[in-house]
Amino acid sequence: MMNEFLRDIILRAGQMTLEFRRKVGGLAVDRKSKKDLVTEADRAVEDYLVGQIQRKYPSHGIFGEETGKHGGDEFCWVIDPIDGTTSYIHGQPFYSVSIGVQQNGRAIAAAVYAPVLDELFEAQAGKGATLNGEPIGVSKESCLEDSLLATGFACMRDNQVYNNLPFFQRILPQIRDIRRTGSAAVDLSYIACGRLEGFWELNLKPYDIAAGELIVTEAGGRVTDFAGGVVGLPGEIIATNGHIHDAMIAILSQTKAQILGEKGKE
Ligand code: IPD
Ligand code: CA
Ligand code: CA
């Protein structure tokens with residue numbers, strides 16, 4: 001029942017993003033920082049989702065990117081109303097609504113919906129992952145140089161000194177190519193259905209990956225931090241088809257050690 005409810009609200013939320021984007025006169029856009037944008041659609045979609053969840057499950061907690069934490073019991077709904085707001089504002093198709101449901105901090109259900117592409121990725125703990133209702137699985141590629149990876153640069157948005165550029169420079173020559181969709185939730189969902197072999201990023205927040213992490217693992221993939229441990233957010237994440245994970249850990253952890261070693265000498 002919870003999964004049907006989750007599907008209903010995420011599909012409606014996706015439609016809302018399309019309606020807002022067609023708005024005559026354009027979207028109202030604010031800046032959380034110089035490059036971190038938020039629109040009236042982000043806020044309206046989150047308000048809609050919070051309202052629906054509070055009505056259906058009044059005792060549940062909610063953690064939304066735009067409205068923060070709303071009390072709750074063992075259950076918590078982790079919401080990114082529009083993951084990929086920059087893509088959304090620029091009229092690109094690669095953005096998504098992302099909702100992860102946790103029980104005592106453990107992911108039990110997830111949905112990522114890309115409205116322009118009309119692709120709904122779902123997962124339930126222990127029951128696999130689907131794309132528009134059809135089962136999905138990660139790719140079987142085990143060779144890094146034949147792998148297509150994705151990443152993001154939120155760290156650059158915040159002008160962070162410790163950022164993704166050295167990692168990007170180290171990895172790019174060792175892989176087939178890179179894709180930058182602008183939505184971490186879409187990137188993670190693409191690993192789950194075999195369109196990407198891997199993803200890494202620094203400085204992601206819980207709502208960026210709450211849904212995508214479960215979709216990857218339920219599709220047979222692996223998600224860790226750069227050292228191969230449990231992801232701690234905001235922090236670093238590696239998500240892969242499992243077959244190239246150790247190679248990614250080796251490159252990223254070695255690069256991190258060099259960067260921090262060099263910083264230690266400053
Ligand atoms: C962003 C997207 C982007 C990632 C950033 C996220 P937002 O989410 O997921 O792909 O690189 O780190 O912040 O801000 O559009 O919800
Ligand atoms: Ca996000
Ligand atoms: Ca967002």
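Strand 5 gives three residues to the shell around ligand 1, the most of any contributor. The structure discussed here is a predicted model.

Student: Which elements each supply at least two residues of the shell around ligand 1?

Tutor: The shell has 17 residues, and Asp83, Gly84, Thr85, Ala154 and Glu201 are the closest. Strand 5 gives the most, with three residues. The elements that each supply at least two are strand 5, helix 4 (154-157) and strand 13 (198-204).

Student: How do the residues of the shell around ligand 1 divide into nonpolar, polar and charged?

Tutor: The residues surrounding ligand 1 number 17. They divide into five nonpolar, five polar and seven charged.

Student: What distance separates an oxygen atom of ligand 1 from an N or O atom in the side chain of Asp83?

Tutor: Several polar contacts reach oxygen atoms of ligand 1. A backbone N or O atom of Thr85 lies 2.9 Å from an oxygen atom of ligand 1, and a polar side-chain atom of Arg180 also lies 2.9 Å from an oxygen atom of this ligand. For the side chain of Asp83, the distance is 2.7 Å.

Student: How much of the area that ligand 1 exposes when taken alone does the protein bury?

Tutor: The side chain of Asp83 has an N or O atom 2.7 Å from an oxygen atom of ligand 1. Taken alone, ligand 1 exposes 370 Å². Of that area the protein buries 95%.

Student: How many residues apart are Asp80 and Asp208?

Tutor: Asp80 is in strand 5 (residues 75-83), whereas Asp208 is in helix 7 (residues 206-218), and the pair links distant parts of the chain. Both are buried. The two are 128 residues apart.

Student: Which residues coordinate the calcium ion (ligand 3)?

Tutor: The donor residues have the spacing E-x14-D-x1-I in sequence. The coordinating atoms are at 2.1 to 2.4 Å, with OE, OD and O atoms taking part. Both Asp80 and Ile82 are buried. The residues are Glu65, Asp80 and Ile82.

Student: Why does Thr224 count as buried?

Tutor: Thr224 is placed in strand 14 (residues 222-224). A residue is buried if its relative accessible area is under 20%. Thr224 counts as buried because its relative accessible area is 4%.

Student: What joins Leu233 and Pro234?

Tutor: Pro234 is found in the loop between strand 14 and strand 15 (235-240). Omega is about -5° for the bond to Leu233. The two residues are joined by a cis peptide bond.

Student: Is Asn104 buried or exposed?

Tutor: Asn104 is found in the loop between strand 6 (96-103) and strand 7 (106-114). Phi of Asn104 is near 50°, a positive value in a residue other than glycine. Its relative accessible area is 61%, and the cut-off for exposed is over 50%. Asn104 is therefore exposed.

Student: What is the relative accessibility of Asp118?

Tutor: Asp118 lies in the loop between strand 7 and strand 8 (119-124). Phi of Asp118 is near 50°, a positive value in a residue other than glycine. Asp118 counts as partly exposed because its relative accessibility is 46%.

Student: How far apart in space are Gly242 and Gly198, C-alpha to C-alpha?

Tutor: Gly242 lies in the loop between strand 15 and helix 8 (245-265). Gly242 is partly exposed, with a relative accessible area of 29%. In sequence Gly242 and Gly198 are 44 residues apart. In space, C-alpha to C-alpha, they are 8.6 Å apart.

Conventions. Residues numbered from 1 in each chain as written. Chains lettered and ligands numbered in written order. Predicted model: local features only at pLDDT ≥ 70, side-chain atom pairs only at ≥ 80, totals over all residues. Heavy atoms only, no water. Helix = DSSP H or I, 4+ residues; strand = E, 2+ residues; numbered from the N terminus. Buried < 20%, exposed > 50% of the residue type's maximum accessible area, 1.4 Å probe, protein only. Near = heavy atom within 4 Å. Polar contact = N/O pair within 3.5 Å; in protein donor to acceptor, adjacent residues only side chain to side chain. Areas by Shrake-Rupley, 256 points an atom, 1.4 Å probe, with all protein chains shown as cover. Nonpolar A, V, L, I, M, F, W, Y, C, P; charged D, E, K, R; others polar. Donors = N, O, S within 2.8 Å, 3.2 Å for Na, K, Ca; no water.
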